[in-house]
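This briefing accompanies a protein structure and is arranged by topic. Please keep the sequence and the model in view while reading.

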Amino acid sequence: MFSRTAFRLHDASKAIRGFSVAAQNQQKVAVLGAAGGIGQPMSLLMKQHTAISHLALYDIVNTPGVVADISHICTPAKVTSHQGPDDLQSALEGCAAVVIPAGVPRKPGMTRDDLFNTNASIVQTLSEACAKFCPKAIICIISNPVNSTVPIASEVFKKAGVYDPARILGVTTLDIVRANTFVAEAKAIEPKKVSVKKVLTYAARMILFVFKTSPKTSFTDEETEKLTDRIQNAGTEVVNAKAGSGSATLSMAYAGTKFISSVLAALNGQKNMVECAFIKSDVCDTGYFASPVELGPNGVETNLGIGKLSAYETKKLEEVIPELKKNIKKGEDFVLGK
């Protein structure tokens, strides 16, 4: 007979498996940067995903320890360890999706753009391996600054002759997760009942427009400004609270796993899988843009765009476009050697 504690643990296990989908086809997924602050908790969550048959964990150091630890979890997914550049091929071959959280974390006083020089090289190297060993995989980029790292990956795939813009996505789901949480707090709604339908995000100087929530809510311009500021500075709030020991790793791991769950569900033919992603886009004549997209078996199926904006939202959008274009060009030029 189960004790009360055992029942609680059983219920918690079911809650964790909420990421899972009914797997028609189980897939191999690689996490590049699996020993890092985001990679470890993300790998833990993904080990429990029923749509993943093989979880390939890669990093330049400490991968065997992470794999030994995670592989003891009693879920079906096989976990393999891959360490160092010579082991990238075995990590990537046969992958349906690849997640890239690799890179250095932000420290107090740093902006996401400050991470560029280090993380740009990391993303370029990993993208070159993906283009060579799994060119048809869905590439999900978390490494900041996403405004620049997604263009870096795109240029790498172009040079390799295997570029498909529908398959290279910048993961901006954490902004949705935060928006849901903060809207729930502001409107005294249970968080699980909140779904922010449209949030436009920019990974460097984040500007977010919040509208069309469920349950239906409305915001004055002043409320929107306050909420936007809270979401915009949420990452800095975590960086400062950790006092130099890291950035928003746990919430990002949750958000990243949520994103991958939608990708895997779409690969298995499930419809109406919508996530916010930073992708190649003609929405605002910037080349790339973050907006809600519907995912399908080949990546982005439909860019849902931004819809009609209020005067307030239009003004905010006009303010951020010059910086967004600068971030994008910086990433492209890095690969092109300009």
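In this predicted model, helix α5 supplies four residues to the lining of the largest pocket, which is the largest share. The pocket holds about 800 Å³ of space.

**The largest pocket**
- A total of 43 residues line the largest pocket, and those nearest its centre are Ile38, Pro101, Ala102, Val104 and Ser143.
- At least two lining residues come from each of β2 (52-59), α5 (116-133), α7 (173-187), α9 (234-241) and α10 (249-267).
- By residue type, the lining consists of 23 nonpolar, 15 polar and five charged residues.

**Helix α10**
- Helix α10, which contributes to the pocket lining, has 19 residues; at 1.5 Å a residue they should span 27 Å, and the distance of 26 Å between the end C-alpha atoms agrees with this.
- Because 14 of its 19 residues are buried, α10 is largely enclosed by the rest of the structure.

**Helix α6**
- The buried residues of α6 include Val146, Asn147, Glu155 and Phe157.
- Among the elements that cover the buried residues of α6 are the helices α5 and α11 (311-336) and the strands β5 (138-141), β6 (168-171), β9 (273-281) and β10 (287-296).
- Gly161 follows α6 and has a positive phi, near 75°.

**The chain as a whole**
- The chain contains 11 helices and 11 strands.
- Of its 338 residues, 53% count as buried.
- Among contacts in the chain with a separation of 6 or more, 70% are between residues 24 or more positions apart.

**Confidence of the prediction**
- The average pLDDT of the chain is 86, and 88% of the residues score at least 70.
- Residues 1-18, however, have a pLDDT below 50, and this stretch makes three contacts in the model beyond near neighbours in sequence.
- Where pLDDT is low, predicted coordinates should not be read in detail.

Terms used
Residues are numbered from 1 along each chain as its sequence is written. This is a predicted model: local features need pLDDT of at least 70, side-chain atom pairs count only at pLDDT 80 or more; totals for chains, interfaces and linings use all residues. Side-chain values use heavy atoms; hydrogens and water are left out. pLDDT is the predictor's confidence in each residue, from 0 to 100. Contact means heavy atoms within 4.5 Å. On a 1 Å grid over the protein atoms alone, a cavity is a set of points where a 1.4 Å probe fits but cannot get out, and a pocket is an open set with protein on both sides within 12 Å along at least five of seven lines; lining residues have an atom within 4 Å of a point. Grid points are joined across faces, edges and corners, and a volume is the space filled by probe spheres set on the points. Ala, Val, Leu, Ile, Met, Phe, Trp, Tyr, Cys and Pro count as nonpolar, Asp, Glu, Lys and Arg as charged, and the others, Gly among them, as polar. The expected span of a helix is 1.5 Å times one less than its number of residues. Buried means under 20% relative accessible area, exposed over 50%, partly exposed in between (1.4 Å probe, protein chains only).
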